[in-house]
Amino acid sequence: MHLAQTALRLREQMCSFLGNLPVCKTARRFALEALYGHDLDAHCGQIARHYELAGQPGPAIAHYRRAAARAQRIYANAEAVQLYQRLLAGDLGSSLSAEDRCEVMLALAVVWKVTGYWAMALNINRESLALA
């Protein structure tokens, strides 16, 4: 693991030296996917953030959804809520199709139900119904 971290740090230094060109951002994302390929689910949130910063909402959305679903599976409910809310807000939210937005809202409602936030779950279910 130490060697992989050193390689990433070296790549980041190289990118900053080159003026942080878009190619470097792409290389960093692919390096992260290669580095964490053995356990990609555990690092999808980090990879999603890199896609988001690179201005690529499609892959960012896919990785955030995967990270949120994983968090939900392992009962990391606070993390799942945070990731689903991130998907619904800002540039990512505006990049979601109506169908994807409804799916994310319904997934968020499930987490709120599990954690006892029934009123919030009911509200988001109503919002997704209105959107459908």
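A word on what you have open. This is a predicted model, where local features need pLDDT of at least 70 and side-chain atom pairs count only at pLDDT 80 or more, while totals for chains, interfaces and linings use all residues. Residues are numbered from 1 along each chain as its sequence is written, and side-chain values use heavy atoms, with hydrogens and water left out.

**Stop 1: the whole chain**

Start with a cartoon view. You'll find eight helices and zero strands; helices (H or I, at least four residues) and strands (E, at least two) are DSSP runs, numbered from the N terminus. Walking along the sequence gives the pattern α-α-α-α-α-α-α-α. Of the 132 residues, 34% count as buried. Contact here means heavy atoms within 4.5 Å. Among contacts between residues at least 6 apart in sequence, 38% join residues at least 24 apart.

**Stop 2: G58**

Now select G58, which sits in helix α4 (residues 57-73).

**Stop 3**

Keep α4 and bring in α3. Two packed helices are described by the angle between their axes and the distance between the axes. For this tour, axes are lines fitted to C-alpha atoms, for helices over the stretch in contact, and angles run from 0 to 180 degrees between N-to-C directions.

How do the axes of α3 and α4 cross? They come within 8 Å and cross at roughly 160 degrees. That makes α3 roughly antiparallel to α4; the cut-offs are under 35 degrees for roughly parallel, over 145 for roughly antiparallel, 65 to 115 for roughly perpendicular, and oblique for the rest. The crossing of α3 past α4 is left-handed, meaning the near helix is turned anticlockwise from the far one by less than a right angle (right-handed if clockwise).

Show side chains where they touch. On α3, pick C44, G45, I47, A48, R49, Y51 and E52; on α4, the residues they meet are P59, A60, H63, Y64, R66 and A67. Sorted by class, this contact has eight nonpolar, two polar and three charged residues. The classes are Ala, Val, Leu, Ile, Met, Phe, Trp, Tyr, Cys and Pro as nonpolar, Asp, Glu, Lys and Arg as charged, and the others, Gly among them, as polar.

**Stop 4: α4 against α5**

The axes of α4 and α5 come within 8 Å and cross at roughly 155 degrees. That makes α4 roughly antiparallel to α5, and the crossing is left-handed. From α4, select I61, Y64, R65, A67, A68, A69, A71 and Q72, which meet N77, E79, A80, L83, Y84, R86 and L87 in α5. The residues of this contact split into ten nonpolar, two polar and three charged.

**Stop 5: the loop in between**

Click on Y75, in the loop between α4 and α5. Most residues other than glycine have a negative phi, and most peptide bonds are trans. What is the phi of Y75? Y75 has a positive phi of about 60 degrees although it is not a glycine. Y75 is also exposed, with a relative accessible area of 66%.

**Stop 6: the salt bridges**

Last, turn on the charged side chains. A salt bridge is a side-chain nitrogen of Lys or Arg within 4 Å of a carboxyl oxygen of Asp or Glu, and by this rule the count is four.

Zoom in on E52 and R49, whose side chains meet in a salt bridge at 3.4 Å, N to O. The two are three residues apart in helix α3 (residues 44-53), so about one helical turn separates them. E52 is partly exposed at 25%, and R49 is partly exposed at 35%.

Finally, select R65 and E103, a salt bridge with the closest N and O atoms 2.7 Å apart. R65 lies in helix α4 and E103 in helix α7 (residues 98-114), so the pair ties together parts 38 residues apart in sequence. R65 is partly exposed at 25%, and E103 is partly exposed at 36%. Before you leave, select R49, E52 and R86 together: salt bridges that share partners join them into one network.

Note on methods
Buried < 20%, exposed > 50% of the residue type's maximum accessible area, 1.4 Å probe, protein only.
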